[in-house]
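Please look over the sequence and the structure below before reading on.

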Amino acid sequence: MGAAADNHEEESSPLLPAAVSAAIPADEKPPQAPALAPEATKLYADGVPVVMGEPVAAHAIPRESWSSGILSCLGRNDEFCSSDVEVCLLGSVAPCVLYGSNVERLAAGQSTFANNCLPYTGLYMLGNSLFGWNCLAPWFSHPTRTAIRRRYNLEGSFEAFTRQCGFCGGLVEDEERREHLEVACDLATHYLCHPCALCQEGRELRRRVPHPGFNNGRSVFVMMPPMEQTMGRGM
């Protein structure tokens with residue numbers, strides 16, 4: 001009975017695996033897998049290492065240029081030519097409609113047209129009533145330009161200016177300082193060239209994102225009922 005009790009106590013002990021492992025000779029133990037290096041335990045997304053949920057590229061990805069210049073009012077002579085003319089008319093006559101359409105397209109249907117068009121319209125009318133020109137709406141609309149530039153990795157106004165002039169290169173290499181300057185340039189662009197900025201953003205979004213009201217380009221299958229059939233009398 002005492003031996004059985006000892007065996008039962010040994011089987012129920014949480015230290016049993018360690019004891020069994022110690023009893024096995026060293027030459028008969030299975031080889032253990034080597035420990036992974038810290039670099040091998042990183043997560044990757046599309047080939048880019050991810051640290052704390054944020055992708056970190058080994059080399060800076062070069063930023064793209066906008067599909068059209070800020071003063072290209074009529075856009076480009078391509079398949080979006082008619083859309084560019086529409087954008088130009090909306091930016092000149094009804095900027096509130098163009099801004100609401102841009103945000104709705106950028107948010108991919110998560111933000112409604114009215115939620116962005118109505119506040120812009122209120123600021124537009126208030127600015128023109130109090131100051132005689134649209135000086136309040138640009139403060140409300142310039143974050144959209146920053147969001148477009150960041151999402152599609154587009155070249156900002158400050159970086160384009162330094163590339164053409166050839167100075168202040170150290171500020172461009174510092175990503176944090178460059179981004180602060182780019183946000184200030186986005187505000188200045190909306191404040192000084194507001195209709196042109198809205199039109200440039202509208203042309204860029206229409207070339208990259210389908211309108212959420214168009215079912216995101218997915219095909220729609222329509223089931224047609226069978227045609228009426230008649231039974232003929234056999235011969």
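## Cysteines, a helix and an arginine

With a disulfide taken as a pair of cysteine sulfur atoms within 2.5 Å, the count comes to zero disulfides. Cys96 is in no disulfide, and the nearest cysteine sulfur, that of Cys117, is 4.2 Å away. This is a predicted model, in which local features need pLDDT of at least 70 and side-chain atom pairs count only at pLDDT 80 or more, while totals for chains, interfaces and linings use all residues. Residues are numbered from 1 along each chain as its sequence is written, and side-chain values use heavy atoms, with hydrogens and water left out.

The table uses relative accessible area, where buried means under 20%, exposed over 50% and partly exposed in between (1.4 Å probe, protein chains only).

| Residue | Relative accessibility | Class |
|---|---|---|
| Cys96 | 18% | buried |
| Cys185 | 21% | partly exposed |
| Arg178 | 4% | buried |

Helices are DSSP runs (H or I, at least four residues), numbered from the N terminus. In helix α3, Ser83, Asp84, Val87, Cys88 and Gly91 are buried. Seen down the axis of α3, these buried residues fall within an arc of 145 degrees, so they line one face of the helix; the arc is that of the directions from the helix axis to the C-beta atoms. On the other side of α3, Ser82, Leu89, Ser92 and Val93 are exposed.

Arg178 lies in helix α9, which covers residues 175–192. Its side chain makes a polar contact (a pair of N or O atoms within 3.5 Å; within protein, one must be able to donate a hydrogen and the other to accept it, and residues adjacent in sequence count only if both atoms are side-chain atoms) with the side chain of Glu175, at 2.9 Å.

Terms used:
Helices (H or I, at least four residues) and strands (E, at least two) are DSSP runs, numbered from the N terminus.
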